Amino acid sequence: MKKIPEVSLLKFIKHSLEILKNPLPFHNKNFTEKGDIFKLNVSFNSKIYFCRDAAFAQYVLQKNQKNYIKSNIQTKDLVKYVGEGLLTSEGDKWKKQRKMMQPAFHKKQLQNLLSGMQDTIVEEFNKISTNKTIDLFPILNDLAFQTVVKSLFTKPARAKDMERLQFITEANQRMLVKELRQPYLGWWFKTGGELKKHLKLSEEARIILKGIVADRKASNKRYDDLLDMLLETKYDDGQGMSEQQLIDEILIIFTAGHETTSNALTFTFQLLAMHPEWQVKIYNEWLTLGGDDADLMTRVSNSKICQQVLEEAMRLYPPAYFIDRVNIKPDDFNEYHFESGSNLLFSVYEMHRHPKLWDQPDTFLPERFKDGGRQYSAQYFPFGSGPRKCIGNNFAMFEMIIAVTELLKKYKIEPKSETIEITPLITLKPKNALLRFQKRD
């Protein structure tokens, strides 16, 4: 067996402040020096294997996925904030939940949500000011959150409650980032009361959601939204979800459903601002498909150019930029040996820019996805891969296609800067997404 290159604990501590701000340059330097797999010592008795080998990722996520589970980052650290839902559960519980919830996220079911998505997106885009530079991310963050809210609850959700839920979701994510990047301060987070404060926020979110669910059940009205679908889903024994399980799933839809989408959309619009020729192509495609007169589902399903742009944006800036796994039994891959319980972190960001996998890896080339991108399935993981691939990938793509076409049919976008800044937290977030908008003639 080959020895896995190692990065010392001393080097990790030495670079801890820059890792806290942005770990990607540190990891890239190690990949460049050590190769596609290296071992990072993060304490005296704890280590993490970082990997950008796409073949190994495919092996772990697909071919031998039964031997791999998610790490404590999701199954323990995130669970204390959002509970055991589809994203954070494992084993038989996950299988049971996935099987029951899959029909609610089928394309045919999502068709019922499209017009509501479009109305929400149009309403949020009315906040855009023209002929001056604005930071687009806050608008898109609200847009993605409101889209999830309206898709889940249609109209009856109170605005004040939704604002509070958005605040709690984002505050707890920032707290989790602190815990993960500063594990040596865990004692302080507990004794200083900061952890307790954020756990109380999570409980507040649960109380808000329980009230919304109770109101829906008492109303005896049907809205054909995601909440109705989740309330109606049944296990094989005919039983529905418990209230706690339902709240867990809703919390995870909030957490995973709006954050990644707003990030991906912001990066997409920044790239489109820098490449105006693709704005023209998407606008012309919208016209060719019938514009506002076309059936919405038909138009969204056939917006191939828009989809190419989104796929390429998520290649360059994948919102879920790391995938974590732990092996149950010892395993070997490509002459490397991994003891049971090895913590593996696959860098989607690095795999999506690997010079051996992509032609001109740092260049924006949407045409590479012209044929649907099937040739890249073994190295392209914007929604994960294998059985644990994101259940909401169709929801996200529909929402993003509608958002891109709705914005470009009204506006032309100009960049303020020729560089794109990032803030890697739990997801890859944009920073200073400053753009200028002009009304389209």
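This is a predicted model: local features need pLDDT of at least 70, side-chain atom pairs count only at pLDDT 80 or more; totals for chains, interfaces and linings use all residues.

Colleague: How many disulfides does the structure hold?

Modeller: The structure holds 0 disulfides. Cys306, for example, is in no disulfide, and the nearest cysteine sulfur, that of Cys390, is 18 Å away.

Colleague: Is Cys306 buried or exposed?

Modeller: Cys306 is buried, because its relative accessibility is 0% and the limit for that class is under 20%.

Colleague: And what about Cys51, buried or exposed?

Modeller: Cys51 has a relative accessible area of 2%, so this residue is buried.

Colleague: Turning to the strands, in which order do S5, S10 and S13 form their sheet?

Modeller: The order is S5-S13-S10, in an open sheet of 3 strands with antiparallel pairing. Strand S5 (133-135) and strand S10 (411-415) are the edge strands, each pairing on one side only. On average, neighbouring strands of this sheet are turned by 45 degrees against each other, with direction ignored.

Colleague: How many bridges join S10 to S13?

Modeller: There are 5 bridges between S10 and strand S13 (residues 434-439), and these two strands run antiparallel.

Colleague: Which residue in S13 is the bridge partner of Glu414?

Modeller: The partner of Glu414 is Arg436.

Colleague: Which helix packs on the sheet, and which strands does that helix touch?

Modeller: Helix H14 (residues 243-274) packs there, touching S10 and S13. The direction of H14 makes about 85 degrees with that of S10.

Methods: Residues are numbered from 1 along each chain as its sequence is written. Side-chain values use heavy atoms; hydrogens and water are left out. A disulfide is a pair of cysteine sulfur atoms within 2.5 Å. Buried means under 20% relative accessible area, exposed over 50%, partly exposed in between (1.4 Å probe, protein chains only). Two strands pair if DSSP finds at least two bridges between them. Helices (H or I, at least four residues) and strands (E, at least two) are DSSP runs, numbered from the N terminus. Axes are lines fitted to C-alpha atoms, for helices over the stretch in contact, and angles run from 0 to 180 degrees between N-to-C directions. Contact means heavy atoms within 4.5 Å.
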